[in-house]
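Please have the sequence and the model open as I talk.

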Amino acid sequence: PAGDLSSTLRRIDGRGYGAYRDCRGAYAFPGYTLTINHVQADPFAAPSRVRVRVPAGTAGYPSSCTRTKGRRIALADHLARRFAAAVDARPRRQRGSGKSGSIAIARPGREILERSSVVVAADGAVEARFTVGLPARGRTVLGREAERLFFEDVPEIVRASLPYAAVDAEDLARHIRTNEDADHLRSSLDALGLVGFVADGAILPRASGVDDRPLERERAVPFASPPSLRVSVDLPHRGTLTGMGVPKGITLIVGGGFHGKSTLLAALERGVYNHVPGDGREFVVTDASAVKIRAEDGRRVENVDISPFITDLPGRPDTRSFSTENASGSTSQAANIVEALEVGASVLLIDEDTAATNMMIRDRRMQELVAGGNEPITPFIDRARPLFHDAHVSSVLVIGGSGDYFEIADTVIRLKEYLPEDVTAEARDIAARYATGRLTEGDGNFRQVRQRIPHARSIDARKGKYEAKVSAVGTRAIRFGLHEIDLSAVAQIVDPAQTAAIGRAILLARSSMDRERTLREVVAAVMDAITAGGLDVLSPYPSGDYAAFRPQELAAAISRLRSLSAGQAP
Ligand code: ADP
Ligand code: MG
């Protein structure tokens, strides 16, 4: 019972901070169970981890909110936001030194994701995982303050955010409907022959480069589909929705500088995730396996077969097994493409702003000057068609600078003052009138990429006395033992909780590596384990730190570990 916690807190009042360890355990509070899992070492250390479980009966959610996994994810995501808002709404209460009295929960961004901060069980029980700073003055336990924290502050937040009775039912229903419609829309793409969809009325531009909220209504031009690319889709809740379908094949996004090309591609990049109501991108969806590709010079590459794009590098004749500590723009981009294909990307998204020019284009004149044998790179313009034809991988390319691509495009979308026009016919006509004289390079085939077999022994997260020390640095990097995995070029990691989860997932992946399992299989095994057991399989005790991620990003992180060694499957 909760009374035990208060008597313990009274007993340890005034003692050394270590005495807080006596508080570990589970306590029945009115309406929920509070569990104190882990107690911090001192008031300045990472705060203590606690969780609150509200049983289904008390939580009171109707089965319409909990019936499917998708609905439970949307419900939990909504409650995570409410909990965070309730924490913010409460006046800051410093209850002693350092982090004393703090309450914190992982802060969701604009995506609706499965999160470990709030979990809704199949039976409708709701559990929130958060941290508290156990109060002290210096290193002396402030038992009274701790009592106020657990008996006033926490109950107030829990009651204000978690039970159905506290929630605006219409807000919640909208969250669930939006999520379900977006899932439905994404799973409709394939049958419609599409790789992406952008709804009419969508708001694509963001408030700023560092603020993912929508650009204010007065300044944003809502999306409007060109008639020839207009598709309508019936959604379970929204009914009929119209918008622009991005067809399978090769799609170019062209247009003048600053006319919104990169903004459209960025929205498609994020379209692998669902977005919260009001975001503007609720019905902008992309094939779930779409991968943003960019140049990433300086990255490490381990035993990747980049020969579909690059052969005969100076001093490295065999690019079927390419490794480097310091990739160039073009070799990094080639490795990024091959690695994406290795884990099963069926769409590549490339923006000229972040691509290596020599990897994308080579015009007739340059073909003449740097003849065949001296140029190791087969540019993407010669690989995109075989890639689609043989491997069924589509490309969506922002290209403002080279009309050579008209030759190979299936669809050409021109943006003019942020609005798309279908200029496919015009581009074909231009291609017919102005011959480029380009010679096609490459053999016109795209064979399957070689699968790599990662070696468990090359993955080591030990640090000092710790068996595994893994932490997230925002969405930018993972500290992995003595290594830092740079993820700044992995564009589709969008939430620090994903980075944290991927860091732990690498450890789980490692445990299933053996001499025969390919990276793709190892990553799939991790995804299966999470599907079966939830994000909690990532840590020894329930932690609120994680959010769902894709196999693509887990593989991307493993591939960027500088210690990685890998063989290739026969
Ligand atoms: P491009 O890649 O064509 O050069 P960007 O996509 O970078 O252009 O967009 C240029 C600017 O226009 C950015 O500041 C972006 O936020 C803004 N923008 C993009 N789309 C819209 C829109 N639909 N409405 C208003 N502003 C937009
Ligand atoms: Mg741009």
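**Annotations and domains**

UniProt, in an unreviewed entry, places the feature "domain: ATPase of the ABC class N-terminal" at residues 4-162; UniProt positions are given here in the numbering used for this model, feature names are shortened, and annotations may be inferred rather than shown by experiment. What you see is a predicted model, in which local features need pLDDT of at least 70 and side-chain atom pairs count only at pLDDT 80 or more, while totals for chains, interfaces and linings use all residues. Residues are numbered from 1 along each chain as its sequence is written, and chains are lettered from A and ligands numbered from 1 in the order in which they are written.

The span of residues 4-162 is 36% helix and 23% strand, and its end C-alpha atoms lie 24 Å apart; helices (H or I, at least four residues) and strands (E, at least two) are DSSP runs, numbered from the N terminus. UniProt also lists, again from an unreviewed entry, "domain: MRB1590-like C-terminal" at residues 469-565, and over that stretch the chain is 41% helix and 12% strand, with 20 Å between the end C-alpha atoms.

The domain assignment, whose bounds come from an automatic or database source, gives domain 1 (2-167), domain 2 (188-450) and domain 3 (452-568). Taken over C-alpha atoms, the centres of domain 2 and domain 3 are separated by 27 Å, and 22 residues of domain 2 are in contact with 21 residues of domain 3, where contact means that the C-beta atoms of two residues, placed from the backbone, lie within 7 Å. On the domain 2 side, the elements that give two or more residues are helix 7, strand 18 (291-293), strand 19 and helix 8 (329-342), and helix 8 gives the most, with three residues. By class, this side of domain 2 has six nonpolar, four polar and twelve charged residues; Ala, Val, Leu, Ile, Met, Phe, Trp, Tyr, Cys and Pro count as nonpolar, Asp, Glu, Lys and Arg as charged, and the others, Gly among them, as polar.

**Around the ligand**

Which residues come nearest to ligand 1? Of the 15 residues around ligand 1, they are Gly260, Lys261, Ser262, Thr263 and Tyr418, a residue being near a molecule or strand if its C-beta atom, placed from the backbone, lies within 6 Å of it. Helix 7 (residues 261-270) supplies the largest share of this shell, three residues, and by class the shell has seven nonpolar, six polar and two charged residues.

**Other strands and helices**

Strand 14 (residues 239-247) runs antiparallel to strand 10 (residues 194-199), to which five bridges join it, and there Val198 stands opposite Met244. Strand 14 is also joined by six bridges to strand 13 (residues 230-235), again antiparallel, with Thr242 as the bridge partner of Ser232, and strand 13 and strand 14 form a hairpin with three residues between them.

His184 is found in helix 6 (residues 169-188) and, leaving aside its neighbours within four places in sequence, is in contact with Leu235 and Pro236.

Finally, is helix 15 (residues 551-559) largely enclosed or largely open? Eight of its nine residues are buried, so helix 15 is largely enclosed by the rest of the structure; among the buried residues are Leu554, Ala555 and Ile558.

Definitions and conventions: Two strands pair if DSSP finds at least two bridges between them. A residue is buried if 20 or more other C-beta atoms lie within 10 Å of its own, exposed if 12 or fewer, and partly exposed in between; C-beta atoms are placed from the backbone.
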